[in-house]
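Welcome! Have a look at the sequence and the 3D structure below, and then we will walk through a helix and some aromatic rings together.

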Amino acid sequence: MASLYKKPITVADPKTGEKTKSRSKKWWGRYRDENGIERRVPLATDKGAAQAMLNELVKKAERRVAGLHDHFEESRQKPLPEHLTDFAAYLTNRASTSDHVKLSRQRAKSIILRCKFQRIDDINAGRVQEALAQLRAEGRSAASSNHYLRAIKMFTRWLVRDRRAGDDRLAHLSMVNAKTDPRHERRILPPEELAKLVEAAQRGEPFRGLSGLARAVLYLVAVNTGLRANELASLLPESFDLVNNPPTVTVEAAYSKHRRRDILPLRPDLAAIIKEYLAGGGAPGKPLWPGTWSKKASAKMLRIDLSAAGIPYRNEAGLVFDFHALRHQFISNLARAGAHPKEAQTLARHSTITLTMDRYTHLGMYDMVGALAKLPAITVTGGDSEVGITRATGTDGPLPAGSEVPTVVPRGAENGAILPASPALQIAPNCTEGPRETCDEKKNPVAVTRQRDRTLHTDLHQSTPSCTRKGCRSTKARATGLEPATTGSTGAFSENRKGPKPTGMCDSLRLSARFSSVFRCVYKSALFFGKSAFSIGRRGNFRARFCRDMEP
């Protein structure tokens, strides 16, 4: 049975040294845990608060006995620095490089200290975003901010996977767009400048144990294989197989970025250069390019050779050419040579095609012009004085001379139509018979009726025949009473009703449209009055029957 009590204590008087028995100011609690062991814990000086704390302890013990306890309670009470130490050990045990472990732990710890997180329950997405914004305000780039966010999110994901937290509180946070704040954009070199760089390196002084010839061969291998600096530093003479066809180079899994053993093909001319270089030196079992040049000194080494070749490290556009740009050069050369994107991705050993095509492929204006030059040529046909239209444009060539193409007109816009003509007769007037200068006016005119000069607009998506304009038989249109007048409703009801008699097929069709419209008007009027009379008759018969049935 749980109970509260005050622990008896002995207090000595500081002046006389006399000891007296007393009770503690803080209340203590006595209860049995899930294993039946009696526990005595200090609670609070306030009795009510102490009783609530004791009840909570008893409740947790009972839930553990029932198998309903919180599995994350112990982890929540543990300080975050201890979790961070365990996280670094996890990265080390999964064969991550020491640099990766050190950098990931340092970045995650920096965010934790900036946000003043003490335990797992303190982790808050809003405070992490504030810390990242503060980093960018201090001068860090958007890419660096993303690296810090990636590290702390990797830590919180590990907490969930290791059953230390129930949920990942930073899962919804996303990276900022690094393209809005570029700080280190790389470029590639033209072939002639790349050749000058190799020549300058071959004539250069040794750098951290690498001779000029060694650096020249190193650059050639990097730009023709796409290997990274640490991968190149790990290569041994045994890594090259120059006998078989094709020759290959092998990067062991311990040095590969994705921790897999990679076997890459070599160009025959590059294999010949490597074979000649190995013949002049290279002890078995020892790196071909030894030294500390790959430890954050590769960019400095390349700068020296760039300066000797007269090539700027950073060009006028702010783009740089460092050692990793040699890998960009390799992938861009593959794209220029017309390699399939999947082939380029495989040779670059990227996880996604997006990384290969977007980040590592650099194409200039001349490359795009060259791509356009590969399109099929545009063939031009025609006579001596007139250029014909080719079928490559999607057309069938110029129209035969003297052919007539009907113009699409709005519904009800036939000349003289009271009601729209039948679909078979809705053909526009022929504007090609009259003088051309009288028909080439502005498009989509607005017709004005005689009813208080009311302006009637036509559909903006339909074209009207140019014959409704001035100089083509009629100039104005009028509402018919049965249907609103539209642009082009001209003919018998226009002011200019006089004109030559119908001649030609176009005038015959126009005259047929008039007669058809008048006939349809008469027919619809008769049908309307007939239906009205029939309806009145039916109502009269119904009233008569109703009155007869109601009579006594």
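Which helices are included in what covers the buried residues of α7? The cover includes α8 (212–225), α11 (298–309) and α12 (325–336).

## Before we start

This is a predicted model, in which local features need pLDDT of at least 70 and side-chain atom pairs count only at pLDDT 80 or more, while totals for chains, interfaces and linings use all residues. Residues are numbered from 1 along each chain as its sequence is written, and side-chain values use heavy atoms, with hydrogens and water left out.

Helix α7 spans residues 191–203, which makes 13 residues. From its first C-alpha to its last it reaches 19 Å, close to the 18 Å expected at 1.5 Å a residue. (Helices are DSSP runs of H or I with at least four residues, numbered from the N terminus; the expected span is 1.5 Å times one less than the number of residues.)

The buried residues of α7 are L194, L197, V198, A200 and A201. They sit on the same side of α7 because they cover an arc of only 165° around the axis. (Buried means under 20% relative accessible area, exposed over 50% and partly exposed in between, with a 1.4 Å probe and protein chains only; the arc is that of the directions from the helix axis to the C-beta atoms.) On the face turned away from this buried side you can find the exposed residues P191, E192 and R203.

## Aromatic rings that link helices

Now for the rings: the structure holds seven aromatic pairs. (Rings of Phe, Tyr and Trp, the last with its six-membered ring, pair if their centres lie within 6.5 Å; planes under 30 degrees apart count as stacked, over 60 as edge-to-face and the rest as tilted.) One of the pairs is F87 with F155, edge-to-face at 5.5 Å centre to centre and 70° between the planes. It links distant parts of the chain, 68 residues apart: F87 is in helix α3 (residues 80–93) and F155 in helix α6 (residues 142–161). F87 counts as buried because its relative accessibility is 0%, and F155 is buried too, with a relative accessible area of 0%.

Y90 and W158 form a tilted pair, with 6.3 Å centre to centre and 35° between the planes. Y90 lies in helix α3 and W158 in helix α6, so this pair also ties together parts 68 residues apart in sequence. Y90 is partly exposed at 32% relative accessibility, whereas W158 is buried at 6%. Together, F87, Y90, F155 and W158 form one aromatic cluster.

How values were computed. Helices (H or I, at least four residues) and strands (E, at least two) are DSSP runs, numbered from the N terminus. Contact means heavy atoms within 4.5 Å.
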